[in-house]
Each structure stands twice: as structure tokens, then as C-alpha cells.
Amino acid sequence: MLPEPFVLCATDLAFGVNWEFRRAKVGDYQAGYFKPPPDWSLGLAVAASSCFPPVFQPLKVSRDPESWRGGKARYRSRENWAAAIKDLRLTDGGVYDNLGLEPVWKSHASVLVSDAGAIFDFHADRGLLPWRVLRYRSIQERQARALRKRWLIGGFKQGLIGGAYWGTGSSRSRYDSEDSLGYSKSLAREAISEIRTDLDRFSDAEAAVLENHGYFLADMAVKTHCPALATVPNAQLSPPHPCWLPENGDEERVRAALRESRRRKIVGRGWLSQKLRRRGEKRTLRAAR
């Protein structure tokens with residue numbers, strides 16, 4: 001299953017709470033927990049955690065009721081509980097907790113939160129029912145994420161919990177106006193935070209820029225808000241992909257590489273899309289001849 005101490009989260013559609021995949025147990029406090037069978041792989045946990053609605057159908061969990069332990073709902077109504085777990089299904093963990101705080105905030109003194117969610121932006125009404133339905137959902141997600149973020153940062157400020165938070169749309173200059181390492185605030189908001197969050201393949205540039213950006217932000221956020229966790233004194237800042245850093249402050253090459261990154265393609269950017277592109281190129285060559 002999962003290596004300790006990793007936890008992957010999904011959303012329990014029957015009980016409407018956060019579901020946890022752990023090495024020793026899986027489940028949630030409402031439905032209960034059971035020991036994962038040997039054939040439950042890491043891939044299964046990732047699939048359940050990534051069942052983005054409504055594109056991917058939720059993952060069904062079929063387990064003998066006798067194998068479950070605990071479960072708050074069981075003691076309210078065993079009959080209703082049994083009916084719910086008989087057809088229990090799991091969807092994207094972000095539906096309930098987009099920041100992944102549930103498994104750790106009650107049991108750890110410090111939490112480090114890396115928020116890779118896209119920035120919510122304004123749009124003119126498009127007058128179409130599907131667009132409005134998706135917009136309603138996006139606004140509800142925005143509210144839930146904003147509440148969790150405010151609670152988290154409020155806890156930091158009041159000393160209730162230690163740690164740091166950083167988001168994709170930020171930059172190191174947010175913490176220190178004189179710091180120019182990494183990518184600028186404008187590039188982060190206009191290009192990096194706009195990289196799609198579907199399951200399509202990332203290009204080498206997209207993966208490299210995201211890794212670099214996260215590396216720079218994590219370094220600054222930890223050193224600023226919880227320096228005690230930076231246990232290696234005078235550690236050198238070595239981003240993983242220096243070839244994708246701005247040259248002399250010029251970010252045009254990075255912008256060009258990310259220009260199409262926000263677009264979602266029906267056939268994706270993998271093997272099928274490459275095959276279709278090659279076919280198109282061959283047709284163009286034949287027509288030219």
C-alpha cells in the first residue's frame with residue numbers, strides 16, 4: 001500500500017467527509033476504518049484521490065460490513081450505516097479538503113502547506129447553462145478553500161499551530177521585496193498558476209518550471225515563518241532545473257514555453273495527440289506535393 005507516513009485523501013460521497021488512505025488503515029471517522037487488502041495498490045489510492053468530477057466516475061468501495069471498525073454513523077443508525085457502506089463511493093479529495101489539512105492539523109505542531117490550486121479570476125457571463133453550473137461550483141470551492149486558508153493563517157498568527165503556507169500565484173518578493181530569485185510575481189500569476197490541473201501530460205518545461213517555483217517558494221516561506229525547521233545552516237539554494245530559470249531577469253523564454261499551458265485538449269498531449277499531429281503533418285506534405 002502506501003509507505004509510511006504518507007496519506008492520500010479522497011472524499012466519501014456517502015458521508016460527505018474526508019477519506020484517508022494509510023498503510024495501516026483506510027476509511028474515515030463516519031464510515032469507519034478497515035485494513036487495506038494486499039491488492040490495494042498505491043495506484044488505486046491515487047485514482048480515488050483524483051476522480052475529478054464529473055469527468056471520472058467515483059471509485060466504489062466494496063467491503064464486508066464485519067471488516068469495518070469504528071464509524072460514528074454506525075452508532076446513530078446501524079441499518080442506514082450498513083446501506084451506505086454497501087454502495088460507498090470515493091471521489092476527488094479536493095471536493096472536501098483542497099489543501100489536504102484534515103489528516104495532519106489536529107496531530108502535528110507544524111504544517112507546511114503548498115497550494116497548487118488555480119487562482120480564481122473574474123469572467124463575463126457567457127449565457128450558457130453548462131458554464132453557469134460550473135461557475136456555481138467554482139465559487140463554492142473558492143469559498144471552502146478561502147475559509148480553510150483563513151483559518152490556517154489565523155492559527156499561524158495566533159500561535160495555535162506552527163508552519164507556513166505558499167501558493168502557486170505567489171513569489172519570493174511577497175516575503176522580501178528585495179529578493180529577485182526565482183520567477184516574478186507577474187509570471188507566477190499570469191502563467192505558472194494558469195497551468196492546467198487536469199491529468200494531461202506536462203511538457204518538460206511545465207514540469208521544470210513548477211518544480212523550480214515550488215522549490216523557491218518553499219525555501220522562502222519556511223525560512224520566514226518557521227526558521228527552526230530549516231535545520232541545515234547556510235544551505236545552498238540549488239533549484240532542480242537551473243536551465244529553466246530566467247536569464248538576466250528576462251522571463252520571455254519561460255512565458256513562451258507556458259503560453260499554451262492553460263489550454264485543455266480533448267485528445268491530450270500524450271501518445272494519441274502526437275500520432276494525430278504526425279498524421280496531419282503527413283497530409284500537409286502530400287498536399288504540398
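Reader: Let's start with one residue. Is Lys223 buried, partly exposed or exposed?

Author: Happy to begin there! The structure above is a predicted model. In it, Lys223 has a relative accessible area of 42%. Buried means under 20% and exposed means over 50%, so Lys223 counts as partly exposed.

Reader: Where does Lys223 lie, and which side chain does it join in a polar contact?

Author: Lys223 lies in helix H6. Its side chain and that of Asp219 are joined by a polar contact of 3.1 Å. Here is the general idea: an α-helix has 3.6 residues a turn, so residues three or four places apart point the same way.

Reader: How far is Lys223 from Ala164 in sequence and in space?

Author: The two are 59 residues apart in sequence, while their C-alpha atoms are 9.3 Å apart in space. Compare that with Val95 and Ile153, which are 58 residues apart along the chain and have C-alpha atoms separated by 21 Å.

Reader: What span should helix H6 have, and what does the model show?

Author: Helix H6 covers residues 204–225, which makes 22 residues. At 1.5 Å a residue, H6 should span 32 Å. The C-alpha atoms at its ends are 32 Å apart, which agrees.

Reader: Which residues of H6 are buried, and what covers them?

Author: Among the buried residues of H6 are Ala205, Val209, Phe216, Leu217 and Met220. Asp219, the contact partner of Lys223, is also buried. The cover over the buried residues of H6 includes strands E7 (110–115) and E8 (162–167), together with helices H5 (185–190) and H7 (252–257).

Reader: How many bridges join E7 to E8, and do the strands run parallel or antiparallel?

Author: Strands of a sheet pair through backbone hydrogen bonds, either parallel or antiparallel. E7 and E8 run parallel, with six bridges joining them. You can find two of the pairings yourself: Val113 stands opposite Tyr165, and Ser110 has Gly162 as its bridge partner. E8 is mostly covered, with five of its six residues buried.

Reader: What unit do E7 and E8 make with helix H4?

Author: Together with H4 (residues 129–158), they make a right-handed β-α-β unit.

Reader: In what order do the strands of the open sheet come?

Author: Its six strands come in the order E4-E3-E2-E1-E6-E5, with antiparallel pairing. At the edges are E4 (32–34) and E5 (59–61), each of which pairs on one side only. From one strand to the next, the twist averages 30 degrees. Look at E3 (residues 26–28) for an example: three bridges join E3 to E4, and the two run antiparallel. Within this pair, Val26 has Phe34 as its bridge partner.

Reader: Which strands does helix H1 lie across?

Author: H1 (residues 42–49) lies across E1, E2, E5 and E6, and runs at about 50 degrees to E1.

Reader: Could we look at Glu20? Is it buried or exposed?

Author: Glu20 is found in strand E2. Its relative accessibility is 13%, so Glu20 counts as buried. The side chain of Glu20 makes a polar contact of 2.7 Å with the side chain of Arg22. Leaving aside neighbours within four places in sequence, Glu20 is in contact with residues including Val7, Leu8, Val26 and Glu102.

Reader: And where is Val95 placed, and which residues are in contact with it?

Author: Val95 sits in the loop between E6 and E7. With a relative accessible area of 41%, Val95 is partly exposed. Beyond its neighbours within four places in sequence, Val95 is in contact with Thr11, Pro53 and Arg137.

Reader: To finish, how many helices and strands does the protein chain have?

Author: The protein chain has eight helices and eight strands. Buried residues make up 34% of its 289 residues. Among contacts between residues at least 6 apart in sequence, 64% join residues at least 24 apart. Along its principal axes, the C-alpha trace spans about 65 × 60 × 45 Å.

Conventions. Residues numbered from 1 in each chain as written. Predicted model: local features only at pLDDT ≥ 70, side-chain atom pairs only at ≥ 80, totals over all residues. Heavy atoms only, no water. Helix = DSSP H or I, 4+ residues; strand = E, 2+ residues; numbered from the N terminus. Buried < 20%, exposed > 50% of the residue type's maximum accessible area, 1.4 Å probe, protein only. Polar contact = N/O pair within 3.5 Å; in protein donor to acceptor, adjacent residues only side chain to side chain. Contact = heavy atoms within 4.5 Å. Expected span 1.5 Å × (residues − 1). Pairing = 2+ DSSP bridges. Right-handed = clockwise from strand over helix to strand, strands pointing away. Axes fitted to C-alpha atoms, helices over the stretch in contact; angles between N-to-C directions.
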